[in-house]
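Please read them alongside the sequence and coordinates.

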Amino acid sequence: MQIDKPRVSRWWQQREPRERWMLGLMTAAIAAFVLWYGLLTPLRKAADAAQARHEHATLALLQAELQLAQLRDLDRRDIAPPVDAAALKAAVLASADRAGLAVSREREHGGGFGIEADAATSQQLFAWLDDLRLQRGLAPSTLSVARSEGRLRVQAGFDIVR
């Protein structure tokens, strides 16, 4: 579409100064509205979203650095596992109790110790294994986990490290 400039100019000149001023003001108001809602608002929303993503990434980085420092600290710790059957049994049962793992049976075998839990959750199992590893320097020498009626049946054996 081509604008007929002389015709628009003539139309403009036919307006009273007060009308021209009012039309100019209305055009400026419409331009400001389009600029604000068409450009600045979406840019502000995009900047806010970018800021939120940046904060989330910064938090994730800090958490990863903290976890890395904790892992490095674990490497520096010298945790001595129990050396006799009684200490091993006490450590395993205390850890299970802290994790909320209900031990249904205990068994002793050749200088070692074993437990069974018939109704464990995955959270209890992992909390128990983490507590054993992080606090006691222990890990089961044998571990069997099976689903049973919507719960986990856990069998774990521990040997004395000499």
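**Notes on the model**

1. Ser95 is part of helix H3 (helices are DSSP runs of H or I, at least four residues; strands are runs of E, at least two; both are numbered from the N terminus). Ser95 counts as buried because its relative accessibility is 0% (buried is under 20% relative accessible area, with a 1.4 Å probe and protein chains only). Beyond neighbours within four places in sequence, Ser95 contacts Trp128, Asp131 and Leu132 (contact is heavy atoms within 4.5 Å).

2. This is a predicted model, in which local features need pLDDT of at least 70 and side-chain atom pairs pLDDT 80 or more, while totals for chains, interfaces and linings use all residues. Residues are numbered from 1 along each chain, and side-chain values use heavy atoms, without hydrogens or water.

3. The largest nonpolar core has 20 residues, and those touching the most other members are Leu88, Val92, Leu101, Ile115, Trp128, Val154 and Phe158 (a core is a set of buried Ala, Val, Leu, Ile, Met, Phe, Trp, Tyr and Cys residues joined through side-chain atoms within 4.5 Å). Helix H3 (85–99), S2, helix H4 (122–136) and S4 each give two or more residues to this core. H3 gives the most, with five.

4. Leu101 touches, among others, Ile115, Ala117 and Trp128, with residues up to four places away in sequence not counted.

5. Strand S2 (residues 112–120) has seven of its nine residues buried. S2 runs antiparallel to strand S4 (residues 151–158), joined by six bridges (pairing takes at least two DSSP bridges). Gly114 has Gly157 in S4 as its bridge partner.

How values were computed
Buried means under 20% relative accessible area, exposed over 50%, partly exposed in between (1.4 Å probe, protein chains only).
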